[in-house]
Amino acid sequence: MDSDIQPINESERVAVYTVQHPAFKRAVDTAYNSIRHKYLGKYINLLRRGEKFILLSYPISRGGNWLYLWARAATLRHHGTDKASLLYGPGMEAWTEEFPKLASITAPSSEYTFFTRRSGYFPTDIEKDISEEDLHFFIREYLLSSESFSERLARMQDIVDENSLVINIRRGDYYSVPQINEVFGIDTVTYVEEALKKLQDTVTPSKIIFVSDDLQWCEENLSHLNSVAPCIFEKQGSGMFDDLALVASAPYLILTNTTFGYWGAYIGELLTQKLVLSPDIHQVIPEDARIYQSRPKMHRTHWVAVHHPEGKNWITGEML
């Protein structure tokens, strides 16, 4: 699908984060976009008709982000509101191959013209933008319907037992790129230790299985958790979809701030999940954005929020 569209490379993706804009420029851009959408967009939309409704993703988006948009498209279709689809982006092939039904709500670029109705809104609030009923509908109909993924789940469910703990740790550019680290880089070791203490109020895990894009780092920095339960740092299966299946299969789950892990947890709600712990933050929000969140919007309200033992921000280290 749209093989002529070139994927954004990692340096281009990182540049989106590393190019800094002063607060004044952000304010001007925000005001301009507000006026453009409120007035100019209103009249342009009068020209846009038809049953097709295209959801747009940012070029830097990846699987976890795409799933929120696919879920919104499925929800709009399920409620008969719009014939919604997510516009194809490079890299989606792996997801539509693993979850074939996602292809039915993915639109090729040939269907996206000036006259096509569209939305760039990103449904980040998992409690408000997508209801629990709609979330579970999407997971059942579009993800768990996959024969391939069901087989992965069966294999991973043979690895865990009723008291197994899975810890999903995101590393990569969250820590290798200073500008991204400032926004997303939590104090992983302290956080995991604190989350595990909180979990032990409920259960002592029979074993701890790590899922990460850097298992070597996990072993080098978290092997002391063997004193709590035997730790498994070896990769289970191969590829990201085995990782997703393992996260989804976890009875007990400690997440870091990654949408990939969040989706594993959402899927797990329909399986044998018992308890999910997550940091009380997803990312640093600029003060001049004037946004306040009582919880990270992608976190489910029944997840157990883990706070810093010294009352600090997990990312900045500042006192709250």
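## Ser119 and its contacts

Ser119 touches Phe53, Ile54, Leu55, Leu56 and Arg72, not counting residues up to four places away in sequence; contact means heavy atoms within 4.5 Å. Ser119 lies in strand E4 (residues 117-119). Strands (E, at least two residues) and helices (H or I, at least four) are DSSP runs, numbered from the N terminus. Ser119 counts as buried because its relative accessibility is 13%. Buried means under 20% relative accessible area, exposed over 50% and partly exposed in between, with a 1.4 Å probe and protein chains only.

## Basis of the values

The model is predicted: local features need pLDDT of at least 70, side-chain atom pairs count only at pLDDT 80 or more, and totals for chains, interfaces and linings use all residues. Residues are numbered from 1 along each chain as its sequence is written, and side-chain values use heavy atoms, with hydrogens and water left out.

## Helix H10

Helix H10 spans residues 215-222, and Leu215, Trp217, Cys218 and Leu222 are buried in this helix. Seen down the axis of H10, these buried residues fall within an arc of 155°, so they line one face of the helix; the arc is that of the directions from the helix axis to the C-beta atoms. The face turned away from the buried side carries the exposed residues Gln216 and Glu220. The cover over the buried residues of H10 includes strand E5 (165-169), helix H9 (188-199) and strand E6 (208-212).

Leu222 has a relative accessible area of 0%. Leaving aside neighbours within four places in sequence, Leu222 is in contact with Ile169, Val189, Val192, Phe210, Trp217 and Phe233. Leu222 and Thr188 are 34 residues apart in sequence and 9.6 Å apart in space, C-alpha to C-alpha.

## Cysteines

Cys218 is buried at 0% relative accessibility, and Cys231 is buried at 14%. With a disulfide taken as a pair of cysteine sulfur atoms within 2.5 Å, the count comes to zero disulfides.

## Packing of H3 and H5

The axes of helix H3 (residues 63-78) and helix H5 (residues 132-143) come within 9 Å and cross at roughly 100°. Axes are lines fitted to C-alpha atoms, for helices over the stretch in contact, and angles run from 0 to 180 degrees between N-to-C directions. H3 and H5 are therefore roughly perpendicular to each other, a term for angles of 65 to 115 degrees. The contact is made by Leu67, Trp70, Ala71, Ala74, Thr75 and His78 of H3 and Asp134, Phe137, Phe138, Tyr142 and Leu143 of H5.

Conventions: Angles under 35 degrees count as roughly parallel, over 145 as roughly antiparallel, 65 to 115 as roughly perpendicular and the rest as oblique.
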